[in-house]
Amino acid sequence: MNKIEHIGIAVKDIQASNKIFTDVLGVAPYKQEAVESEGVLTSFFKTGENKIELLQATREDSAIAKFLEKNKEGIHHIAFDVSDINAEIKRLMGLGYKMIHETPKDGADNKLIAFLHPKDSNDVLIELCQEKPL
Ligand code: ZN
C-alpha cells in the first residue's frame, strides 16, 4: 500500500457540507461526481497532498444511506492508493481477509476501487484504489 489516497466522509446534505468544507479547507471542491452503481454523489477537495471525499446517498439502498441509518454523519472510510489493485486483493484474500469487492470496480475520480470487509479490520472500512490506466 502506498499513501492514504483520501478520507471519505458520509454526509446527509452534500451542498451544505460543501460549504462547510470549503470554509474549513479554504478551497472549493475540484470535482463533483455521481457514481450510479454505488448510489452516491461525491465531492472531492484537495489540500496539498491530501484529499477529502464527501459522500451523499442518492438511493435508499445505497451503502451510504445504510451507514447513516446506523451512524451519525462522519468518517466513513479510509482509502489507500495501491499500484496494483488486483495484486493487493489477491494478497489480502490470501491472508484470509474478506473483500466486499473481490474484483475491482469503477469508482469516482478515475479510480479502480475495492473495499475490504470492515469486520476484518476493526470496523474501519478500508478502500483500495488504483489510478485507472489511461
Ligand atoms: Zn473513497
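# A guided tour of the strands, charges and pocket

Visitor: In E5, which residue is the bridge partner of Ala 10?
Guide: Before we start, keep in mind that this is a predicted model. Strand E1 spans residues 4–10 and strand E5 spans residues 74–81, and the two run antiparallel. In E5, the partner that bridges to Ala 10 is Gly 74.

Visitor: And which residue of E5 is the bridge partner of His 6?
Guide: We're still on the E1 and E5 pair, which is joined by 6 bridges. Across in E5, His 6 has as its bridge partner Ala 79.

Visitor: Where does helix H1 sit, and what angle does its direction make with that of E3?
Guide: H1 covers residues 14–25 and packs on the sheet. There it touches E1, E2, E3 (40–47) and E4 (50–57). Compare its direction with that of E3 and you get an angle of about 5°.

Visitor: Do E1 and E4 run parallel or antiparallel?
Guide: E1 and E4 are joined by 4 bridges. One example is Ile 7, whose bridge partner in E4 is Ile 52. As for direction, E1 and E4 run parallel.

Visitor: Which strands are the edge strands of the sheet?
Guide: The open sheet has 8 strands with mixed pairing, in the order E2-E3-E4-E1-E5-E8-E7-E6. An edge strand here pairs on one side only. That gives us strand E2 (31–35) and strand E6 (105–106).

Visitor: How many residues of E1 are buried?
Guide: Buried means under 20% relative accessible area. E1 is mostly covered. Out of its 7 residues, the number buried is 5.

Visitor: Now for charges: how far apart are the closest N and O atoms of Lys 19 and Asp 23?
Guide: Both residues lie in helix H1, 4 residues apart, which is about one turn of the helix. Lys 19 is exposed, and Asp 23 is too. They form a salt bridge, and their closest N and O atoms are separated by 2.7 Å.

Visitor: Is Glu 88 buried or exposed?
Guide: Glu 88 forms a salt bridge with Arg 91, with the closest N and O atoms 3.0 Å apart. Both lie in helix H3 (residues 85–94). Arg 91 has 41% relative accessibility, so it counts as partly exposed. Glu 88 has a relative accessible area of 13%, and because the cut-off is under 20%, it counts as buried.

Visitor: How many residues apart are Asp 106 and Lys 132?
Guide: These two form a salt bridge, with the closest N and O atoms 3.3 Å apart. The pair links distant parts of the chain, since Asp 106 is in strand E6 and Lys 132 is in the segment after strand E8 (126–131).

Visitor: How many salt bridges does the count come to?
Guide: Side chains of opposite charge can pair when their charged atoms come close. Glu 5, Lys 31, Glu 33, Lys 51, Asp 109, Lys 111 and Glu 131 are even linked in a network of salt bridges. The count of salt bridges comes to 12.

Visitor: Which element gives the largest share of the lining of the largest pocket?
Guide: This pocket has a volume of about 570 Å³. It is lined by 27 residues, with Ala 63, Ile 64, His 76, Phe 115 and Leu 125 nearest its centre. Two or more lining residues come from each of E3, E4, helix H2 (63–70), E5 and strand E7 (111–116). The largest share, 5 residues, comes from H2.

Note on methods:
Residues numbered from 1 in each chain as written. Predicted model: local features only at pLDDT ≥ 70, side-chain atom pairs only at ≥ 80, totals over all residues. Heavy atoms only, no water. Pairing = 2+ DSSP bridges. Contact = heavy atoms within 4.5 Å. Axes fitted to C-alpha atoms, helices over the stretch in contact; angles between N-to-C directions. Salt bridge = Lys/Arg side-chain N within 4 Å of Asp/Glu carboxyl O. Buried < 20%, exposed > 50% of the residue type's maximum accessible area, 1.4 Å probe, protein only. 1 Å grid on protein atoms, 1.4 Å probe; cavity = no way out; pocket = protein on both sides within 12 Å on 5 of 7 lines; lining within 4 Å. Points joined across faces, edges and corners; volume = space filled by probe spheres on them.
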